[in-house]
Amino acid sequence: MKRSLTREERLKNLSDIKNLFASGKKVSVPGAKLVYSGNNLGYSRFMVTLIRKYGNSVQRNRAKRVAREVYRLNKDRLKPGFDLAIILFPSADFYSARENQILGLLKKARLCSGMGE
């Protein structure tokens, strides 16, 4: 599997996003929430969003960049065929803190394979 986050792996279509938030399952940990549902594709699609009052533009961009990097480096551990939306709340935007949050969400949703489920 490619380590990059390809164009087809990004969840961009507005109707797909609306369907995900309307009918997806939700899990949360302190600082982040995951909405997910099956997509009947051979690969997973991913997006990051923030709550409305999340700092200034520098903080928002860093939070999204760190979350995308965590996903990109760990996507080979995920089960394929899901649409994923991660909602971030203000918290420490360090790689290790976000990695613990995102991997915790994925474990809670049972979307990880080979991570000691």
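## Salt bridges and a charged patch in a predicted model

Arg-45 pairs with Asp-16 in a salt bridge, and the closest N and O atoms of the two are 3.1 Å apart. Because Arg-45 lies in strand 3 (residues 45-50) while Asp-16 belongs to helix 1, this contact ties together parts of the chain that stand 29 residues apart in sequence. The model in which this pair is found is a predicted one.

Through the partners they share, the salt bridges bring Asp-16, Arg-45 and Asp-83 into one network. Both Arg-45 and Asp-83 are buried; for Arg-45 the relative accessible area is 14%, which puts this residue in the buried class because that class takes in values under 20%.

Another salt bridge is formed by the side chains of Lys-75 and Glu-9, with a distance of 2.7 Å from N to O. This pair links distant parts of the chain, given that Lys-75 is found in the loop between helix 2 and strand 4 (82-88), whereas Glu-9 is in the segment before helix 1 (14-23), 66 residues apart. Lys-75 counts as buried because its relative accessibility is 5%, and Glu-9, with a relative accessible area of 8%, is buried as well. In the whole structure, the search finds five salt bridges.

These elements can now be placed in the chain as a whole. The chain contains three helices and four strands, and their order along the sequence follows the pattern α-β-β-β-α-β-α. Taken along the principal axes, the C-alpha atoms fill a box of roughly 35 × 35 × 25 Å. The radius of gyration is 13 Å, which agrees with the value near 13 Å that a compact globule of 117 residues would have. Of these 117 residues, 41% count as buried.

The surface, finally, carries a patch of positive charge, in which Arg-7, Arg-10, Lys-12, Arg-62, Arg-65 and Arg-68 gather. One of these residues, Arg-62, lies in helix 2 (residues 57-74), and Arg-62 counts as partly exposed because its relative accessibility is 36%.

Technical notes
Residues numbered from 1 in each chain as written. Predicted model: local features only at pLDDT ≥ 70, side-chain atom pairs only at ≥ 80, totals over all residues. Heavy atoms only, no water. Patch = residues over 30% accessible without salt bridge, like charges linked within 9 Å, V, L, I, M, F, W, Y side chains within 5 Å. Areas by Shrake-Rupley, 256 points an atom, 1.4 Å probe, with all protein chains shown as cover. Salt bridge = Lys/Arg side-chain N within 4 Å of Asp/Glu carboxyl O. Lys, Arg positive; Asp, Glu negative; His and termini not counted. Charge placed at Lys NZ, Arg CZ, Asp CG, Glu CD. Helix = DSSP H or I, 4+ residues; strand = E, 2+ residues; numbered from the N terminus. Buried < 20%, exposed > 50% of the residue type's maximum accessible area, 1.4 Å probe, protein only. Rg over C-alpha atoms; globule rule 2.2 N^0.38 Å.
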